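Reader: I am new to this structure and would like to go through it residue by residue. Please show it to me before we start.

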Amino acid sequence: MEMKWKDGYTINVRVDENSVLISANKEGLLSLASQLKALASEDVGSHCHYDEFNSLEDGSSELIIEKIG
């Protein structure tokens with residue numbers, strides 16, 4: 001699956017006790033929406049992996065979104 005990003009995107013993920021907060025600018029939200037739409041067409045078990053080393057802002061928590069059956 002190709003990960004497409006809008007220029008200027010910013011995404012931050014924070015995990016607190018019982019919640020996950022995803023904060024993103026317009027470009028970040030559009031990028032995530034595009035990637036989730038693409039993930040929906042993939043096989044069960046496919047996933048998107050986001051972390052501060054490949055797509056998220058420094059200090060972000062790791063985020064994995066997986067397609068299930």
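Author: Strands here are DSSP runs of at least two residues, numbered from the N terminus. The model is a predicted one.

Reader: Which strand holds valine 15?
Author: By the DSSP runs, valine 15 falls within residues 11–16. That run is strand S1.

Reader: Is valine 15 buried, partly exposed or exposed?
Author: Its relative accessible area is 46%. Buried means under 20% and exposed means over 50%, with partly exposed in between. Because 46% falls in between, valine 15 is partly exposed.

Reader: What is the accessible area of the nonpolar patch that Val15 forms with Val20 and Ile22?
Author: A residue joins a patch if it has over 30% relative accessible area and no salt bridge. One member, isoleucine 22, has 40% relative accessibility and counts as partly exposed. Together Val15, Val20 and Ile22 have an accessible area of about 250 Å².

Reader: How far is isoleucine 22 from asparagine 12, C-alpha to C-alpha?
Author: Isoleucine 22 is placed in strand S2, residues 19–24. It touches Asn12, and also Ile11, Val13, Leu32 and Leu63, when residues up to four places away in sequence are not counted. Isoleucine 22 and asparagine 12 are 10 residues apart along the chain, and their C-alpha atoms are separated by 5.8 Å.

Reader: Leucine 32 is among those contacts. Is leucine 32 buried or exposed?
Author: Leucine 32 is found in helix H1, residues 26–40. Leaving aside neighbours within four places in sequence, leucine 32 is in contact with Ile11, Ile22 and Tyr50. Its relative accessibility is 11%, and the cut-off for buried is under 20%. Leucine 32 therefore counts as buried.

Reader: What separates the C-alpha atoms of leucine 32 and cysteine 48?
Author: Along the chain, leucine 32 and cysteine 48 are 16 residues apart.

Reader: What is the C-alpha separation of glutamine 35 and lysine 4?
Author: Glutamine 35 is in helix H1 and counts as buried, at 1% relative accessibility. Beyond neighbours within four places in sequence, its contacts are Met1, Met3, Lys4, Trp5, Cys48 and Tyr50. Glutamine 35 and lysine 4 are 31 residues apart along the chain, with a C-alpha separation of 6.9 Å.

Reader: How many salt bridges does the structure hold, and which residue does arginine 14 pair with?
Author: Side chains of opposite charge can pair when their charged atoms come close. The structure holds 1 salt bridge. Arginine 14 is partly exposed at 42% relative accessibility, and aspartate 16 is partly exposed at 37%. The closest N and O atoms of the pair are 3.4 Å apart, and the partner of arginine 14 is aspartate 16.

Reader: Which side chain of opposite charge is nearest to aspartate 51?
Author: Aspartate 51 sits in the loop between strand S3 (47–50) and strand S4 (63–66). It is buried yet has no salt bridge. A salt bridge needs a side-chain nitrogen within 4 Å of a carboxyl oxygen. At 18 Å away, the nearest side chain of opposite charge is arginine 14.

Reader: What backbone atom lies 3.0 Å from the side chain of aspartate 51?
Author: Apart from neighbours within four places in sequence, aspartate 51 is in contact with Leu56 and Glu62. A polar atom of the aspartate 51 side chain has a backbone atom 3.0 Å away, and that atom is the backbone nitrogen of asparagine 54.

Reader: Which residue has its backbone oxygen 2.8 Å from the side chain of serine 46?
Author: Serine 46 is in the loop between H1 and S3. With neighbours within four places in sequence set aside, serine 46 is in contact with Leu39, Ile65, Glu66 and Lys67. The backbone oxygen 2.8 Å from a polar atom of its side chain belongs to aspartate 43.

Reader: How far apart in space are glycine 69 and valine 44?
Author: Glycine 69 lies in the segment after S4 and is exposed, with a relative accessible area of 100%. Glycine 69 and valine 44 are 25 residues apart in sequence. Their C-alpha to C-alpha distance is 5.8 Å.

Definitions and conventions
Residues are numbered from 1 along each chain as its sequence is written. This is a predicted model: local features need pLDDT of at least 70, side-chain atom pairs count only at pLDDT 80 or more; totals for chains, interfaces and linings use all residues. Side-chain values use heavy atoms; hydrogens and water are left out. Helices (H or I, at least four residues) and strands (E, at least two) are DSSP runs, numbered from the N terminus. Buried means under 20% relative accessible area, exposed over 50%, partly exposed in between (1.4 Å probe, protein chains only). Lys and Arg count as positive and Asp and Glu as negative; His and the chain ends are not counted. A polar contact is a pair of N or O atoms within 3.5 Å; within protein, one must be able to donate a hydrogen and the other to accept it, and residues adjacent in sequence count only if both atoms are side-chain atoms. Contact means heavy atoms within 4.5 Å. Patches are made of residues with over 30% relative accessible area and no salt bridge: like charges are joined within 9 Å, nonpolar side chains (Val, Leu, Ile, Met, Phe, Trp, Tyr) within 5 Å. Accessible areas come from the Shrake-Rupley method with a 1.4 Å probe; for residues, only the protein chains shown count as cover.
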